[in-house]
Amino acid sequence: MTITRKIRSAIHHRIVEANGFVFIGGTIADDTSVSMGEQTRNILGKIDGFLKEAGTDRSRVVSGQIFVTDLSKKKEMDAAWTEFFGEDLPTRATVGVADLGGGALIEIVVTAVKD
């Protein structure tokens, strides 16, 4: 099995490809001072770029893990999520957490297939 790593940060690679899967590491918004919906849209836009970098696209996302600091704002996140994925909704888990650091309200991890 070949493992390919792309877009290294100080603590991890943003994209890892292995065995036909593409793993996109935890992604937060560039501007954490905006609403949950706006942060979600920003993150999904970044993820879209990472997927393209890996040679796949949002229609191939099979799973998402979402971490939010305020579950009362989940409807904003849900609206942005369904707007982004349309009919190609992947499986998903949403988990409430105490803090994500840097003022982030949401962090998203996705797994896609490449083939």
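Helices (H or I, at least four residues) and strands (E, at least two) are DSSP runs, numbered from the N terminus. This is a predicted model, in which local features need pLDDT of at least 70 and side-chain atom pairs count only at pLDDT 80 or more, while totals for chains, interfaces and linings use all residues. Residues are numbered from 1 along each chain as its sequence is written, and side-chain values use heavy atoms, with hydrogens and water left out.

**Figure 1. Overall fold of the chain.** The chain contains two helices and six strands, which follow the pattern β-β-β-α-β-α-β-β when read along the sequence. The C-alpha trace spans about 40 × 35 × 20 Å along its principal axes. For 115 residues, a compact globule would have a radius of gyration near 13 Å, and the 14 Å of the chain agrees with this; the radius is taken over C-alpha atoms, and the globule rule is 2.2 Å times the number of residues to the power 0.38. Of the 115 residues, 35% count as buried. Buried means under 20% relative accessible area, exposed means over 50%, and partly exposed lies in between (1.4 Å probe, protein chains only).

**Figure 2. The aromatic cluster of Trp-81, Phe-84 and Phe-85.** Rings of Phe, Tyr and Trp (its six-membered ring) pair if their centres lie within 6.5 Å; planes under 30 degrees apart count as stacked, over 60 as edge-to-face and the rest as tilted. The count by this rule is three aromatic pairs. In one of them, the ring centres of Trp-81 and Phe-85 are 4.6 Å apart and the planes stand at 55 degrees, so the pair is tilted. Trp-81 and Phe-85 are four residues apart in helix H2 (residues 74–85), and are therefore separated by about one helical turn. Trp-81 is buried, at a relative accessible area of 2%, and Phe-85 is buried as well, at 5%. The rings of Phe-84 and Phe-85 have centres 4.8 Å apart and planes at 90 degrees, which makes the pair edge-to-face. Phe-84 is also buried, with a relative accessible area of 11%.

**Figure 3. Arginine charges over the rings of Phe-84 and Trp-81.** A charge sits over a ring if NZ of Lys or CZ of Arg is within 6 Å of the ring centre and within 35 degrees of the ring normal. The charged end of Arg-58 lies over the ring of Phe-84, 3.9 Å from its centre. Over the ring of Trp-81 sits the charged end of Arg-92, 5.4 Å from the ring centre.

**Figure 4. The salt bridge between Arg-92 and Asp-78.** A salt bridge is a side-chain nitrogen of Lys or Arg within 4 Å of a carboxyl oxygen of Asp or Glu. The structure holds nine salt bridges. In the one formed by Arg-92 and Asp-78, the closest N and O atoms are 2.6 Å apart. Arg-92 belongs to strand E5 (residues 91–96) and Asp-78 to helix H2, so the pair ties together parts that are 14 residues apart in sequence. Arg-92 counts as partly exposed, at 30% relative accessibility.

**Figure 5. The salt bridge between Lys-114 and Glu-17.** The closest N and O atoms of Lys-114 and Glu-17 are 2.7 Å apart. The pair links distant parts of the chain: Lys-114 is in the segment after strand E6 (106–113), Glu-17 is in strand E2 (residues 13–18), and the two are 97 residues apart. Lys-114 is partly exposed, at 32% relative accessibility, whereas Glu-17 is buried, at 9%. Salt bridges that share partners join Lys-6, Glu-17 and Lys-114 into one network.

**Figure 6. Surroundings of Asp-70.** Asp-70 forms a salt bridge with Lys-73, the closest N and O atoms being 3.9 Å apart. Asp-70 is partly exposed, with a relative accessible area of 26%, and Lys-73 is partly exposed at 32%. Ala-98 and Asp-70 are 28 residues apart in sequence and 8.3 Å apart in space, C-alpha to C-alpha. Ala-98 lies in the loop between E5 and E6 and is exposed, with a relative accessible area of 80%.

**Figure 7. A nonpolar surface patch made by Phe-21, Phe-23 and Val-62.** Patches are made of residues with over 30% relative accessible area and no salt bridge: like charges are joined within 9 Å, and nonpolar side chains (Val, Leu, Ile, Met, Phe, Trp, Tyr) within 5 Å. The area of this patch is about 220 Å²; accessible areas come from the Shrake-Rupley method with a 1.4 Å probe, and for residues only the protein chains shown count as cover. Phe-21 is found in strand E3 (residues 21–27) and is partly exposed, with a relative accessible area of 33%.
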